[in-house]
Amino acid sequence: MLLRRLTSLACEPVDAASLAVFRIGIGVIVLAEIGRFFLHGWIRDHYLTPPFLFKYYGFEWVVPLPGNGLFWLFGVMGLLALMVTLGLYYRIAAIGLFFAFSYVFLLDQGNYLNQYYLLLSVLMLFSFLPADREYSISARRQRNSVAPVTPRWSVWVLRLQFEVMLIYAGLVKINADWLAGQPLGLWFAERADHLPVVGSVLTTSGVSIGAAYAVVLLHVVGAPLLMLRRTRFVVFVLYVCFHLGNSILFHIGLFPWITLLGTLMFFDPDWPRQVAQRITSRDEQTVSSKEKSSPVFDLKITTSVFLAVFFIFQILFPLRYLLYPGNVSWTNEGHWFSWRMKLHDKRGDARFIVTDNVTGQRWEVDPGDCLRPRQIQLMAVTPDMILQFAHYLERDWKQREGISDVRINAVVMCSLNGRPPAPLVDHRQDLTHKSRSLGHYNWILPLNIPLNPPDMPAHLSYRGIGG
C-alpha cells in the first residue's frame with residue numbers, strides 16, 4: 001500500500017519550469033567549459049601533448065582519438081550541449097553528451113575533478129529525465145498538445161543527487177584534522193596577503209576551527225533542511241554565501257555554480273514563474289490544476305531499476321574507504337568518487353630510480369620530463385598513480401633503452417595538512433613487481449606524525465612540499 005501511494009505521488013504532474021531552468025543552466029555550464037578548453041588550448045595540453053595519461057582502474061583501454069579526432073569530438077560536445085540548452089532533440093543530445101563526456105573524463109585520471117564527476121552524474125540522469133517540457137524548442141513546437149508538466153519523481157531524483165553529494169561533503173569532514181582547523185588554517189594563511197580587508201580576520205586564532213565546524217553543520221544539517229519549506233530559503237542564502245566565498249577564496253571552477261543550480265531544485269517546481277511574476281508584475285502562465293492532476297505519467301520498470309541502482313551506488317560507493325586500513329587522506333584508497341572535496345592539503349615530491357638489474361647502473365628520472373604540472377602534483381601524493389607511472393617507466397626503458405631487466409623504485413616524500421614531510425611509499429619496493437588492484441597496497445607506509453608535533457615550531461605547520 002505504501003509503495004503504491006509513493007508511486008502514485010511520484011507520478012503526479014508538477015510544473016516543468018524548475019527542471020527546465022536546471023537543464024538550461026547545466027547546458028550553459030558545459031558549453032562554457034568546452035569553450036574554455038578550446039580557448040586555453042587544454043585539449044592538446046591535457047590529452048595530446050603528455051606522453052603518458054593516467055587511467056582509472058579497468059579503463060586502461062581508453063585512449064585519445066588519433067589525429068584531430070579529439071578536437072572534432074569537443075566540437076560535437078559543444079553542439080550537443082547547445083542542443084540540451086535549447087531543448088532541441090533533447091533526449092538524443094543528452095545521451096550523446098553523456099557518452100562523449102564520459103569518454104573524455106576517462107582519458108586521464110590526472111584530470112579528475114569532483115565538478116566533472118557531478119556533471120557526469122547529472123548528464124546520466126538527464127538521459128532519463130523529461131527536462132525539455134518547458135523553455136525548449138520541442139516544447140514550443142508541441143505547446144498545444146503537450147502540457148508544460150513533468151512527473152514529480154524527475155524533481156525528486158535531482159534533489160536526492162544533491163542531497164547525497166552535500167551530506168557526504170560534510171560527513172567526510174568529521175575527522176580530527178578538519179575539526180582541528182586544518183587545512184583551513186593553512187589555506188587562510190596562504191591567502192591572507194591577497195585579501196587586504198578580511199585577510200587579518202582569516203588568520204585570527206580560532207577562525208579556522210570555527211569555519212571548519214560551520215562547514216560541517218552547513219552540509220550535514222543544512223542539506224536536509226533544504227527539504228523543509230520553512231528553512232529552505234535561509235539555508236539557500238547560506239549556501240549562496242558559502243559558494244561565493246569558496247569561489248573568491250579558492251577559485252574552484254564550476255562547482256559552486258553547479259551546486260547552486262542544484263539547490264534551486266529544492267524550491268517549488270514553479271519557482272521560475274513566481275520569480276518572473278514578481279519581477280514583471282505580470283501574471284506568468286501557470287499550469288492549470290486540471291493538468292497537474294491528470295494521471296499522464298507512469299514510472300517504467302526500466303527507469304525504476306536504473307534509478308534504484310544509480311542511487312544505491314551513489315550512497316554506498318563513497319563508504320568503500322572503510323574497507324581499507326589507514327587514513328584515506330594519506331593513502332587515497334577509497335578517495336575517488338566519494339565527494340571528498342576541499343578536504344585536505346597534500347603536497348608531495350616524487351623521484352624515481354631506474355636500475356638495470358644486469359649491470360647495476362642507476363638513473364634518476366624527473367617526472368617533469370613527461371608529465372604536466374597537475375599530473376605531477378596528483379601523482380606525487382597518490383600511490384596508485386605512482387604505481388602507474390612506475391609501470392610506464394618500465395615499459396619505456398625496456399623499449400627505448402633496450403634494458404630487459406629493469407627495476408623501478410619510488411622515493412616519495414609527502415606532507416599532509418602542514419605536517420612535516422614523511423615517506424609515502426616504501427622506497428625499497430620494486431614497483432615493477434606490484435600489480436594494480438582494487439585492494440590495499442601494502443607498500444604504502446603508514447602516517448604516524450601528529451598534526452602539530454610538540455617540538456615543531458608553529459610556523460612550520462604551514463609548510464608543505466611543492467608538488
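On a 1 Å grid over the protein atoms alone, a cavity is a set of points where a 1.4 Å probe fits but cannot get out, while a pocket is an open set with protein on both sides within 12 Å along at least five of seven lines; lining residues have an atom within 4 Å of a point. Grid points are joined across faces, edges and corners, and a volume is the space filled by probe spheres set on the points. With that in hand, here's the quick tour of this predicted model, where local features need pLDDT of at least 70, side-chain atom pairs count only at pLDDT 80 or more, and totals for chains, interfaces and linings use all residues. Numbering starts from 1 along each chain as its sequence is written, and side-chain values use heavy atoms, with hydrogens and water left out.

**Overall build**

- The protein has 20 helices and 6 strands (DSSP runs numbered from the N terminus: H or I of at least four residues for helices, E of at least two for strands).
- Its radius of gyration is 25 Å, close to the 23 Å the globule rule gives for 467 residues, so the protein is as compact as a globular protein of that length (the radius is taken over C-alpha atoms, and the rule is 2.2 Å times the number of residues to the power 0.38).
- Along the principal axes, the C-alpha atoms fill a box of roughly 85 × 55 × 50 Å.

**The cavity**

- Searching the whole structure turns up 1 cavity of 30 Å³ or more.
- The largest cavity holds about 150 Å³ of space.
- Its lining is made of 14 residues, with Phe37, Tyr47, Phe101, Val104 and Tyr116 nearest the centre.
- At least two lining residues each come from α2 (17–39), α4 (69–86) and α5, and α2 gives the most, with 4.
- By class, that lining splits into 11 nonpolar, 1 polar and 2 charged residues (Ala, Val, Leu, Ile, Met, Phe, Trp, Tyr, Cys and Pro count as nonpolar, Asp, Glu, Lys and Arg as charged, and the others, Gly among them, as polar).

**The second largest pocket**

- This pocket has about 890 Å³ of space.
- Among its 33 lining residues, Tyr56, Tyr57, Phe59, Phe317 and Phe337 are the closest to the centre.
- Two or more lining residues come from each of α5 (90–107), α6 (114–126), α17 (301–316) and α20 (383–400); α5 gives the most, with 5 residues.
- The lining of the second largest pocket has 19 nonpolar, 10 polar and 4 charged residues.

**Helix packing: α1 on α8**

- Helix α1 (residues 2–10) packs on helix α8 (residues 152–171) at about 95 degrees, with axes 7 Å apart (axes are lines fitted to C-alpha atoms over the stretch in contact, with angles from 0 to 180 degrees between N-to-C directions).
- That makes α1 roughly perpendicular to α8, a label for angles of 65 to 115 degrees.
- Leu6, Leu9 and Ala10 of α1 meet Arg152, Trp153 and Trp156 of α8 (contact means heavy atoms within 4.5 Å).
- The α1 contact with α8 has 5 nonpolar, no polar and 1 charged residues.

- Most residues other than glycine have a negative phi, and most peptide bonds are trans.
- Glutamine 182 and proline 183 are joined by a cis peptide bond, with omega about 15 degrees; proline 183 sits in the loop between α9 (176–179) and α10 (184–191).
- Tyrosine 135 has a positive phi, near 50 degrees, and is found in the loop between α6 and α7 (137–141).

Technical notes:
Angles under 35 degrees count as roughly parallel, over 145 as roughly antiparallel, 65 to 115 as roughly perpendicular and the rest as oblique.
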